[in-house]
Amino acid sequence: MITSKQIIEDVAQAVVTASSHWREDQVACWRAAAERETQPSAKWAMENFLRNAEAADEHHSALCDDTGTPHPFLEIGDEAVVPAGFLQAMEEGIRVGMNRVPTRPMGVKGDDLQRIDQCLGMYDEPGMLRPAPTQIRRISGSQIRFTILMLGGGPEIRSKTQPIFHMHSVDHVVDEMIKWAIPQVAALGCQPCTLSFGLGRTACEASSLSLEAMKDGRYDVQNEMERKITDAVNAAGIGPIGLGGKTSVLATFIKIGNMRASGFRVVSMRPNCCMEIRRGTCQWDAAQE
Ligand code: SF4
């Protein structure tokens, strides 16, 4: 039986991991890109980002001053029994983890309207930046898997969710995705990016799928469509922090959902910044006892 105490501690540790560590496949992709780079200022920038990541890894400290908004993702096995109070313990674990890093205090005080204009200011406690609504997916088995994604503010300004008329052509849709990505990656400032895309039937579904792509995406596993988009945006020569060079995008993560009979596909794109994907996971066996 998983206890609330265990859930809180495991989730808190996943938040620390997401905020301060890049994964192995991510570091390997960065190193390969830095080695490939021939433009001196772009190479210098990438080597410094790698040094920054090593320091954060060593000290379990934040990768960036904008520590991001927590987005929780749960995968629940068909045979798992979710304990009473699970979501409450999960949210508490997120709060504890953010205080432990510590992340930047960004939680806005007040009621609905007061939070919009920030008239009451912010909480001092980092963990008062409450998580986004939890995404849930079904998996086989008896595991409950938790993933946290820490999403920075810059990419939100450059994100886009809109329909694309498919014209019965995957190539046309991909070309449109590339056309979307190039100006947004160029405008972001914190390149190189990891592009995430969700393709679905509604704006809500496509955004959720884009988040799922971030959860599952691996830098060392790229399909043809993902590689095509990465290569096309890199050909624009934007480069790390806009300095020019070979790498504006490290990888592309795409999740394609169910489709309906219609002339359009809703596409949600997020140009995740150079500090992202910030992702941490943990899991529990929740078989019936
Ligand atoms: S966009 Fe990313 S790298 Fe830039 S400040 Fe925000 S979190 Fe940090």
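Is α1 largely enclosed by the rest of the structure or largely exposed, and why?

Author: Two remarks on conventions come first. The model is predicted, and local features need pLDDT of at least 70, side-chain atom pairs count only at pLDDT 80 or more, and totals for chains, interfaces and linings use all residues. Residues are numbered from 1 along each chain as its sequence is written.

Helix α1 is largely enclosed by the rest of the structure, because 12 of its 17 residues are buried. A residue is buried if 20 or more other C-beta atoms lie within 10 Å of its own, exposed if 12 or fewer, and partly exposed in between, with C-beta atoms placed from the backbone. Helices (H or I, at least four residues) and strands (E, at least two) are DSSP runs, numbered from the N terminus. The buried residues of α1 include Ile-7, Ile-8, Asp-10, Val-11 and Val-15, and the run from Val-15 continues with Val-16, Thr-17, Ala-18, Ser-19 and Ser-20. Their cover includes the helices α3 (40-59) and α4 (86-100), together with the strands β1 (69-77), β3 (143-151) and β8 (279-285).

The length of α1 agrees with expectation: its 17 residues should span 24 Å at 1.5 Å a residue, and its end C-alpha atoms are 24 Å apart. The expected span is 1.5 Å times one less than the number of residues.

Val-15 illustrates the packing. Leaving aside residues up to four places away in sequence, Val-15 touches Pro-70, Ile-94, Gly-97, Met-98, Ile-148 and Gly-280, where contact requires C-beta atoms, placed from the backbone, within 7 Å.

Val-15 also belongs to the largest nonpolar core, which has 65 residues; Val-11, Val-15, Ile-148, Leu-149, Ala-181 and Phe-197 touch the most other members. Helix α1 (residues 4-20) supplies the largest share of this core, eight residues. Because domain 1 (1-21 + 60-152 + 279-289) and domain 2 (153-272) both give residues to this core, the core lies between them. Such a core is a set of buried Ala, Val, Leu, Ile, Met, Phe, Trp, Tyr and Cys residues joined through C-beta atoms within 7 Å.

The domain bounds come from an automatic or database domain assignment. Taken over C-alpha atoms, the centres of domain 1 and domain 2 are separated by 25 Å. Their contact takes nine residues from domain 1 and seven residues from domain 2. On the side of domain 1 that touches domain 2, β1 and β3 are the elements that give two or more residues, and β3 provides the largest share, three residues.

Note on methods. Two residues are in contact if their C-beta atoms, placed from the backbone, lie within 7 Å.
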